[in-house]
Amino acid sequence: QVQLVESGGGLVQTGGSLRLSCAASGSIFGITALAWYRRAPGKQRELVAVMRSGGSTNYADSVKGRFTISRDTAKNTMYLQMNVLKPEDTAVYYCFVEARYGSYWGQGSQVTVSS
């Protein structure tokens, strides 16, 4: 069973940057989509960014132009680069991998942006 382990969360000042990592414990074959979700306090889970197998990406309007989803296949790792962070970005962030033979969730990583 492949596990996704997230890291890189923490406390950052408004306007700062943070990069979340999501490392798979093993290779995942047949990936169809990579995504990052977040759940802010008192709110429902929100899709933040998605990358499909062809490389196309989509972002929530609230993060467009500030966040970038990427992957490093050699390291079995996906990333969410977050720039110009705002207090509204404060949330628990979850990585997600969809593949032909299964789907996987990270454990969540707290990101707190101080105002």
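Select β3 and β8 in this predicted model: the two strands run antiparallel and are joined by six bridges. Within this pair, display Ser 21, which stands opposite Tyr 79 of β8.

Asp 72 is found opposite Thr 77 of β8. Follow the chain through the hairpin that β7 and β8 form, where four residues lie between the strands. In that turn, select Asn 76, which has a positive phi of about 50°.

Now display the surface around β8. Is this strand enclosed or open? Five of its six residues are buried, so β8 is largely enclosed by the rest of the structure.

The largest nonpolar core has 31 residues. Select Trp 36, Phe 67, Ile 69, Leu 80, Met 82 and Tyr 93, which touch the most other members of this core. Then colour the strands that each supply at least two residues to this core: β3 (18-24), β4 (31-39), β5 (46-52), β7 (67-72), β8 (77-82), β9 (91-99) and β11 (109-114). Which strand provides the largest share? That strand is β9, with five residues.

Centre the view on Tyr 93 and show its surroundings. Neighbours within four places in sequence set aside, Tyr 93 is in contact with Glu 6, Leu 20, Trp 36, Tyr 37, Arg 38, Val 48, Phe 67, Leu 80, Met 82, Gly 108, Ser 109 and Val 111.

The last stop is Glu 98, a residue of strand β9. Is Glu 98 buried, partly exposed or exposed? Its relative accessible area is 36%, so Glu 98 counts as partly exposed. Display the residues that Glu 98 touches, not counting those up to four places away in sequence: Gly 30, Ile 31, Thr 32, Ala 33 and Ser 103. One of these deserves a distance label: the side chains of Glu 98 and Thr 32 make a polar contact at 2.5 Å.

Finally, draw a line between the C-alpha atoms of Glu 98 and Val 113. These residues are 15 apart along the chain, and the two atoms are separated by 29 Å.

Terms used. Residues numbered from 1 in each chain as written. Predicted model: local features only at pLDDT ≥ 70, side-chain atom pairs only at ≥ 80, totals over all residues. Heavy atoms only, no water. Core = buried A, V, L, I, M, F, W, Y, C linked by side-chain atoms within 4.5 Å. Buried < 20%, exposed > 50% of the residue type's maximum accessible area, 1.4 Å probe, protein only. Contact = heavy atoms within 4.5 Å. Polar contact = N/O pair within 3.5 Å; in protein donor to acceptor, adjacent residues only side chain to side chain. Pairing = 2+ DSSP bridges.
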